[in-house]
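Dear colleague,

Please find the structure below, handed over for your own work.

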Amino acid sequence: MERFIQVTVDGVATGSIYGALALALVLIFRSTGVVNFAQGEMAMFTTFVAWSLNHHMSYWPAFLLTLVLAFAGGVAIERLVIRPVENASPLTLIMVTIALFVILNGLASWIWGGETRNFPSPFSGVVEIGGVTLSKHELGVIAVTLIVLALLWTFFRYTRLGLAMRSAAIGPTTSRLLGVRVGWMLAL
């Protein structure tokens, strides 16, 4: 029974990571109408940035700085790469995101090399619950995923900015007439 619980927690933790990635893909597609084939490479590149920063500062400052850099990079990519072709054919948008995929992949390989690296976890060690030894990392992944989901739901449901972002995604023309800056909502 202990092994079953350990494997179940491991599976839920891994599924949480895949679920978070899927949620990111859906959020981008629903807000911009663009299937971003480079989204995984953008996450990989950001992870390498965090890995590099983690060698120069402790985990949490590196994490927060990485979030700021990822946000700035995402806005820059939307403004400089996606925005100029947003009214082009769907095939053009697909080609742009695939080109971005290749560029980011090559750039990361050029900067950091192609070998696999270990990324430190903020949750280390194990915890024993009811006689079952579980990894704090896996429990942390599940907890963080649930917290992020709750925060995103609250943000999109109850905040003015979240409602403006939903409005811009659903009806950009109507949102513009209501004073929502649709371009910035899509960039965010």
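At what angle do helix α2 and helix α3 pack, and how far apart are their axes? In this predicted model, α2 (residues 39-54) and α3 (residues 59-82) pack at about 145 degrees, and their axes are 9 Å apart. Their crossing is right-handed. On the α2 side, the contact is made by Met42, Thr46, Val49, Ala50, Leu53 and Asn54. These residues meet a set in α3 that includes Tyr59, Leu65, Leu69, Gly74 and Ile77. The contact of α2 with α3 comprises 10 nonpolar and 4 polar residues, with no charged ones.

Helix α2 also packs against helix α4 (residues 90-112), at an angle of about 25 degrees and with the axes 9 Å apart. Because angles under 35 degrees count as roughly parallel, α2 and α4 are described as roughly parallel to each other. The crossing of these two helices is left-handed. Among the α2 residues in this contact are Glu41, Phe45, Phe48 and Trp51, while α4 contributes residues including Phe101, Leu104, Ile111 and Trp112. By class, the contact of α2 with α4 holds 12 nonpolar residues, 2 polar and 1 charged.

Leaving aside residues up to four places away in sequence, Thr97 touches Val34, Val35, Asn36, Phe37, Ala38 and Ile82.

Yours sincerely

Conventions. Residues numbered from 1 in each chain as written. Predicted model: local features only at pLDDT ≥ 70, side-chain atom pairs only at ≥ 80, totals over all residues. Heavy atoms only, no water. Axes fitted to C-alpha atoms, helices over the stretch in contact; angles between N-to-C directions. Helix = DSSP H or I, 4+ residues; strand = E, 2+ residues; numbered from the N terminus. Left-handed = near helix turned anticlockwise from the far one by under 90°. Contact = heavy atoms within 4.5 Å. Nonpolar A, V, L, I, M, F, W, Y, C, P; charged D, E, K, R; others polar. Parallel < 35°, antiparallel > 145°, perpendicular 65-115°, else oblique.
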